[in-house]
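Please examine the sequence and the three-dimensional structure shown below before reading the notes that accompany them.

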Amino acid sequence: MDIFLQQLANGLTIGSMFALVALGYTMVYGVMRLINFAHGDMVAASAFVGLTIYTQVMGQAATLIAVITIFLLSAACMACVGIILERVAYRPLREAPRLSAVVSALGASLVIQNGIMLIWGPRMRIFPELIPQVYWDFGGVVISLIQVIILALSLVLMVALYLFVEKTRIGAAIRASSIDQDAARLMGINVNSIIALIFIIGSSLGAVGGLFIGLYYRGITFNMGWQYGLYAFIAAILGGIGNIPGAMLGGMLLGLFKAFIEGYVSSTWADAFTFILLILILIVRPTGILGERVAEKV
Amino acid sequence: MSDLLFEIKDLEVSYGSIAAIKGISLEVHKGEIVTILGANGAGKTTTMRTISQLLKAKAGSIQFKGQELTQVPAHKIVKLGISHSPEGRRVFGVLTVEENLMLGAYSQSKLDREVLDWVYQLFPRLKERRKQLAGTLSGGEQQMLAIGRALMSKPEMLLLDEPSLGIAPILVKAIFKQIKAIAKSGVTVLLVEQNAKAALKLADRGYVLDVGTIALSGTSAELLASEKIQEAYLGKKH
């Protein structure tokens, strides 16, 4: 039972990180039908940006205000990178065949990954201890303050995003653009602005995810975006790519799945089982758990 | 005739190297219902999409109230007073009827309840089904929704692209009746149709498109009487 509860807590923590990152994949896919392969590397870049802001701007202070500033500045930085990425790598290919955009996405991924290596070097860096190491022991189940913060903040962000997309006028414009771009233009929706907004939101959430990865795992490397990006991508597919609640659900489920495999089977095999899971989803239910929302009838 | 509202001059549109519209000119006056007839592939929908700037013209001009539209981005057209109910309806299937109508009013700074009530009055079926997903409506109801959605922006000119396409005849009749009512309320209508007879009954004037050029034009009465039209579109023998 202890293992179960412990892995439940761990699973929810990593699951919320996967979910935050998965939202970036799924939102971009929803509107552009494009897998933004550079998203994972943006997540990695965010951890390094956060590290630099901590050492250079905040003077290594870890007060509450400093931590909040690091999160906000990193998210703002990555939002800018996201806008540039869309402008440079994707917008010129909007009308091009799908494959060209995919190749461009892979290229952008390599550029960002190598950019991180050029700026911060190829060796593992240690992410600062922004949040004090506080642990609570509930009869053998240990939960850290970091875990609580990651889970709570992720939930807040996801609920906020959900409400924004479902309840606001701009949210309706996002949904309309993801259903039918031409029809959305006829309504007066500036689809280019909506796409830019999607990149801003997706990159900011990914940035928070990147900082969480730094806080939780501590060691950050220039190429870690590939690994976490892949997990998040699987989470997005698990929930149903293009579907925002699906990415949240998929992230959580994948986090739990990985944690339970690590707890009950073997941590070295966790990746293998994750990919087996991906293959099974693609065979049994390629549209994911919630599926892309498709209208019945013509 | 009353004052000129909308004018196309020597419009050319191509898909890559294939010319779809080869220099057409037409005009619409305020308060008129004008129809563009033609067979499949004649360029009717291409013309409509070019007016809305979803397609860009290769040459020629499109003017609405004296303003050139060809350089205006597509999403700004509705704000100028032209609203487009596209071919195939293109309603947002996974959104509710009401959400679709709200998006129709997206270009408005705030929602005008009167317009919404008017749309519900024109098409009571939409009111009954306002909480239903648009994708679950019948074809005819979706067409009503597409027209209603287009009206939500309070247009001066309404572009209707094949409102009768794939719809039960009884609903076609109901929809055409309401198009007449819409025109009566002061909205100028440019109607694209394959159903020439129904369209000419409704319209003041018409143009016949044939592979990208205007083959014939005139008042509805003239066109209905024209032998060429009768042979080609109304299926009458002499």
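This is a predicted model: local features need pLDDT of at least 70, side-chain atom pairs count only at pLDDT 80 or more; totals for chains, interfaces and linings use all residues.

Residues are numbered from 1 along each chain as its sequence is written, and chains are lettered from A and ligands numbered from 1 in the order in which they are written. Helices (H or I, at least four residues) and strands (E, at least two) are DSSP runs, numbered from the N terminus.

- A residue is called buried if 20 or more other C-beta atoms lie within 10 Å of its own, exposed if 12 or fewer, and partly exposed in between, with C-beta atoms placed from the backbone.
- Helix α8 of chain A covers residues 191-217, and its 27 residues reach 38 Å from the first C-alpha to the last, close to the 39 Å expected at 1.5 Å a residue; the expected span is 1.5 Å times one less than the number of residues.
- Of the 27 residues of α8(A), 20 are buried, and the helix is thus mostly covered.
- Arg218(A), which follows α8(A), has a positive phi, near 70 degrees.
- Helix α6 of chain A (residues 169-179) has 8 of its 11 residues buried, so it is largely enclosed by the rest of the structure.
- Among the buried residues of α6(A) are Ala172(A), Ile174(A), Arg175(A) and Ile179(A).
- The partners of the buried residues of α6(A) are α1 (2-32), α5, α7 (181-186) and α8 of chain A, together with α3 of chain B.

**The contact between the chains**

- Two residues are in contact if their C-beta atoms, placed from the backbone, lie within 7 Å.
- Chain B gives 24 residues to the contact and chain A gives 20 residues.
- On the side of chain B that touches chain A, α2 (77-80) and α3 (97-104) of chain B each supply at least two residues, and the largest share, 4 residues, comes from α3(B).
- That side of chain B consists of 11 nonpolar, 10 polar and 3 charged residues, where Ala, Val, Leu, Ile, Met, Phe, Trp, Tyr, Cys and Pro count as nonpolar, Asp, Glu, Lys and Arg as charged, and the others, Gly among them, as polar.

**A helix pair in chain A**

- The axes of α5 (residues 145-167) and α10 (residues 244-265) of chain A come within 10 Å and cross at roughly 165 degrees; axes are lines fitted to C-alpha atoms, for helices over the stretch in contact, and angles run from 0 to 180 degrees between N-to-C directions.
- α5(A) and α10(A) are therefore roughly antiparallel to each other, a term for angles over 145 degrees, as against under 35 for roughly parallel, 65 to 115 for roughly perpendicular and the rest for oblique.
- Met158(A), Leu161(A), Tyr162(A) and Val165(A) of α5(A) make the contact with Ile244(A), Pro245(A) and Met248(A) of α10(A).
- This contact of α5(A) with α10(A) has 7 nonpolar, no polar and no charged residues.

**Residues with positive phi**

- Arg33(A), in the loop between α1 and α2 (39-57) of chain A, has a positive phi of about 55 degrees although it is not a glycine.
- Arg33(A) counts as partly exposed, with 13 C-beta neighbours inside 10 Å.
- Lys65(B), in the loop between β4 (59-64) and β5 (67-68) of chain B, is not a glycine either, yet has a positive phi of about 50 degrees.
- Lys65(B) is partly exposed, with 15 other C-beta atoms within 10 Å.
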